[in-house]
Amino acid sequence: IVRALTLLEAGQCVALPTETVYGLAADATNELALEKIFTAKGRPKNHPLIVHLASAKQLEQWACDIPNAAYKLAKAFWPGPLTLLLKKAPDVNNVVTGGLTTIGLRVPSHPLFLNVLEQFGKGLAAPSANRYKQLSPTSAEQVINGLNGRIDAVLEGGICEHGLESTIIDLVSETPRVLRAGPITTKQLEQVLGFPVATPESHIEVVPGNVKAHYQPNTPVKMMTEKEILALVDCEEVPNMHVIMHSQALSQTLTCSLKLAQLTLLPNNAKEYGKALYGTLYRIDKLGTQLIVVQLPPTKEEWRAVNDRLSRAAC
Ligand code: TXA
Ligand code: MG
């Protein structure tokens with residue numbers, strides 16, 4: 001932590017663990033430090049960064065015209081995996097918002113990140129700690145695999161609790177809407193706010209950075225129903241593939257046609273599945289198969305974030 005603080009104060013980038021995914025952090029008030037984030041990730045300059053704060057008390061330093069809904073949500077979900085999109089305060093550096101008039105803010109709950117934020121005193125900009133468009137890292141090993149030589153350090157904080165990026169809610173548009181599905185569901189948001197929150201059924205590209213093809217492993221990913229998977233392994237030339245599924249019955253059936261090393265059974269539970277997803281894709285990516293087939297997950301509300309990331313991985 002001391003080393004991370006020293007590097008951050010010197011305007012360097014340090015990967016830090018959050019409860020969602022690892023973030024690549026830099027001083028959100030230092031333009032040169034922010035530019036290093038874009039360079040290390042190979043990320044276009046107009047893609048806005050989320051600023052991480054030690055507490056909701058710092059909201060007014062970064063945002064203005066803050067609606068009551070923001071305070072309600074902060075009270076209910078911070079520290080935690082929710083990013084609030086608000087109107088940015090006038091003196092916030094344009095580099096951090098990619099030139100937009102809005103800013104994404106959140107208080108993360110990982111104790112190490114919080115500790116760094118409390119001692120640092122200022123906001124830390126932190127996108128996911130991966131090269132542009134690749135999988136977000138859920139372990140320090142994955143950070144190093146993607147960014148070794150391009151960043152100054154990574155703080156080891158174990159496997160991320162949620163494994164999927166934070167829910168983003170836009171509180172600037174006339175009616176609040178979810179821009180990115182995540183660990184906090186729309187229903188949870190509505191329960192706190194007491195009114196409906198719009199959730200676009202399909203992907204919307206409202207800002208640069210929220211692109212459809214995203215979160216991709218190097219191996220092509222295909223989503224299939226159980227029936228389609230069974231038909232595929234039944235054909236004469238079965239491709240060199242790996243199947244990720246959540247159905248135990250399917251897994252048992254497939255052991256007749258595929259090797260165990262080609263099968264990954266994930267928990268049939270949205271939270272546990274989400275936690276394991278990126279790590280699983282990362283591991284399979286290293287096996288050198290030609291195709292990753294993923295059994296279509298359930299479509300219930302709690303599976304929304306998983307379905308969103310998989311649809312982008314399979315783009
Ligand atoms: O869980 C998370 O949110 C992780 C951890 C590290 O906190 N961070 C993360 O950051 O996922 P990143 O940069 O990989 O994704 C942030 C996305 C951007 O791509 C963009 O779509 C949206 O958040 N975003 C950020 N600021 C925005 C703004 N001002 N307006 C609209 N969207 C914004
Ligand atoms: Mg990202």
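This is a predicted model: local features need pLDDT of at least 70, side-chain atom pairs count only at pLDDT 80 or more; totals for chains, interfaces and linings use all residues.
**Figure 1. β6 gives the most to the shell around ligand 1, supplying three residues.** Two strands, β3 (50-52) and β6 (102-106), each bring at least two residues to the shell around ligand 1.

**Figure 2. Five residues come nearest to ligand 1: Thr20, Arg43, His52, Ser166 and Arg180.** They belong to a set of 23 residues around the ligand. In serine 166, an N or O atom of the side chain is 2.6 Å from an oxygen atom of ligand 1. For arginine 180, the distance between a side-chain N or O atom and an oxygen atom of ligand 1 is 2.8 Å. Arginine 43 places a polar side-chain atom 2.9 Å from an oxygen atom of ligand 1. How much of the accessible area of ligand 1 does the protein cover? On its own, ligand 1 has 670 Å² of accessible area, and the protein covers 97% of that.

**Figure 3. Tryptophan 78 and proline 79 are joined by a cis peptide bond.** Do take a look at the omega angle here, which is about -10°. Where does proline 79 sit? Its place is in the loop that runs between α4 (68-77) and β5 (82-88).

**Figure 4. Aspartate 65 has a positive phi without being a glycine.** The angle is near 50°. This aspartate belongs to the loop between β4 (63-64) and α4. Is aspartate 65 buried or exposed? With a relative accessible area of 58%, aspartate 65 is exposed, because it passes the 50% cut-off.

**Figure 5. Lysine 133 also carries a positive phi although it is not a glycine.** Here phi is about 75°. You will find lysine 133 in the loop between β7 (124-125) and α6 (140-147). The relative accessibility of lysine 133 is 32%, so this residue counts as partly exposed, a class that lies between the 20% and 50% limits.

Definitions and conventions: Residues are numbered from 1 along each chain as its sequence is written. Chains are lettered from A and ligands numbered from 1 in the order in which they are written. Side-chain values use heavy atoms; hydrogens and water are left out. Helices (H or I, at least four residues) and strands (E, at least two) are DSSP runs, numbered from the N terminus. Buried means under 20% relative accessible area, exposed over 50%, partly exposed in between (1.4 Å probe, protein chains only). A residue is near a molecule or strand if one of its heavy atoms lies within 4 Å of it. A polar contact is a pair of N or O atoms within 3.5 Å; within protein, one must be able to donate a hydrogen and the other to accept it, and residues adjacent in sequence count only if both atoms are side-chain atoms. Accessible areas come from the Shrake-Rupley method with a 1.4 Å probe; for residues, only the protein chains shown count as cover.
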